[in-house]
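Trainee: I have the model open and want a quick tour. Where do we start?

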Amino acid sequence: MEVMNLLLDDEDIRERLVAIFANQTSPVSGAELSEQLGLSRTAIWKHIKALERVGFTFEASTRVGYRLTTTPDELMSALVKPHLSLMDDRDLGGHILWEPERISTNATAITLASQGLPHGSVVTCGVQTGGKGRRDKLWTSPQGGMWFSILLRSPCALSQAADLTLLASIAVRRAIEKHGANAKIKWPNDILIDGRKVCGILAQMRSDGEMVDYAVIGIGINANFPESELPEALRERATTLLSTIGHPVERPKLLADILTELSTLYKALERQIGGFASVRDEWKKNSATLGSRVEIRVGTETIVGKALDVDDSGNLIVQMDDGQIRAVHSGEVLFQSRDMLT
Ligand code: BTN
């Protein structure tokens with residue numbers, strides 16, 4: 001827990017440091033910075049060096065001080081937070097922990113969850129070396145993408161757990177649309193543009209009896225890299241925002257928009273006034289699945305038929321080839337058991 005505090009303190013200082021520079025066009029002196037942050041000038045210098053190592057550049061002159069000259073486009077706390085308006089501790093994004101490289105943001109979030117990471121924290125990174133996709137597939141995660149995991153310590157019943165990811169796909173779709181692309185949802189929670197996948201969601205959770213203890217919602221968005229960087233085998237079915245929109249998106253702002261949308265949806269769910277039923281019409285309007293032929297793997301079984309509808313719990317209603325109607329529970333393909341997390 002002490003390590004966690006240290007980590008958050010450093011993040012906090014760098015956030016405040018970047019905020020001071022962002023509001024200032026003229027150079028800021030070391031003395032001014034040290035007074036505003038209550039730190040020694042040596043400590044300030046160390047934080048400036050740490051920011052330089054992750055892509056910020058400063059113009060430094062001995063007499064007048066520092067001026068921020070380049071800001072990286074990374075999912076760092078200091079860059080995402082200015083776009084968030086956090087009202088209370090149920091809002092998402094209170095802590096954003098960025099590293100240039102992680103094996104998997106889901107894996108880190110699960111580890112930190114057991115060390116007391118608070119609700120709503122977001123684990124992000126530049127590159128993932130072992131990004132996890134569903135069904136134990138590797139998720140290609142190069143520089144330029146958005147790889148992040150949100151920790152939810154929701155007092156939510158296991159039976160409602162599927163709502164967590166279904167709502168995440170609604171939030172991602174809304175936010176992507178704000179950034180210029182017409183995105184659709186492929187059941188249960190892939191986001192597609194022009195029929196090709198740009199975003200996948202992997203939820204992993206730990207349950208305590210009938211209740212969700214915590215859930216980690218991992219979201220991967222193929223954002224600012226060309227589709228030529230995707231493995232060849234995927235290119236027919238997957239694309240990137242850069243290739244479809246034609247220009248890079250502002251990644252910190254897009255993450256903030258997703259967190260803002262999700263906060264509203266999750267807070268309503270927590271207060272028992274939301275849930276999938278409340279966004280079912282929106283989901284149906286933006287569905288890439290309804291009306292088409294589907295093949296769904298549930299454990300060892302494969303369900304083949306026509307997707308007719310989605311019900312209030314997010315189950316896909318499928319008419320199978322023999323005429324039988326089947327409700328497929330989205331949770332069936334989403335979650336891993338407690339054993340796999342511990
Ligand atoms: C899928 O297979 O569609 C789900 C892909 C989920 C990928 C994201 S990237 C951020 C988070 N960390 C991971 O290791 N996986 C998820």
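Mentor: With terms. Helices are DSSP runs of H or I with at least four residues, strands are runs of E with at least two, and both are numbered from the N terminus. This is a predicted model: local features need pLDDT of at least 70, side-chain atom pairs count only at pLDDT 80 or more, and totals for chains, interfaces and linings use all residues. Residues are numbered from 1 along each chain as its sequence is written, and side-chain values use heavy atoms, leaving out hydrogens and water.

Trainee: OK. Where does Asp257 lie?

Mentor: In helix 8, residues 251–270.

Trainee: Buried or exposed, that Asp257?

Mentor: Asp257 is buried, at a relative accessible area of 6%. Buried means under 20% relative accessible area, exposed means over 50%, and partly exposed is in between (1.4 Å probe, protein chains only).

Trainee: And what does Asp257 touch?

Mentor: Leaving aside residues up to four places away in sequence, Asp257 touches Ala175, Lys178 and His179. Contact here means heavy atoms within 4.5 Å.

Trainee: Helices next. At what angle do helix 6 and helix 9 pack?

Mentor: About 40 degrees, with their axes 11 Å apart. Helix 6 covers residues 161–178 and helix 9 covers 276–285. That angle makes helix 6 oblique to helix 9. Angles under 35 degrees count as roughly parallel, over 145 as roughly antiparallel, 65 to 115 as roughly perpendicular, and the rest as oblique. Axes are lines fitted to C-alpha atoms, for helices over the stretch in contact, and angles run from 0 to 180 degrees between N-to-C directions.

Trainee: Which residues make that contact?

Mentor: Helix 6 brings Asp163, Leu166, Leu167, Ser169, Ile170, Arg173 and Arg174. Helix 9 brings Phe276, Val279, Glu282 and Trp283. By class, the contact of helix 6 with helix 9 has six nonpolar, one polar and four charged residues. Ala, Val, Leu, Ile, Met, Phe, Trp, Tyr, Cys and Pro count as nonpolar, Asp, Glu, Lys and Arg as charged, and the others, Gly among them, as polar.

Trainee: What about helix 2 and helix 3, how do they pack?

Mentor: Helix 2 (residues 30–37) and helix 3 (residues 41–53) meet at about 100 degrees, with axes 9 Å apart. They are therefore roughly perpendicular to each other. Gly30, Ala31, Leu33, Ser34 and Leu37 of helix 2 meet Arg41, Ile44 and Ile48 of helix 3. That contact has five nonpolar, two polar and one charged residues.

Trainee: Last one. Where does pLDDT stay under 50?

Mentor: Over residues 333–342, for which the model has 25 contacts beyond four places in sequence. pLDDT is the predictor's confidence in each residue, from 0 to 100. Where pLDDT is low, the predicted coordinates should not be read in detail. The protein's mean pLDDT is 90, and 94% of its residues reach 70 or more.
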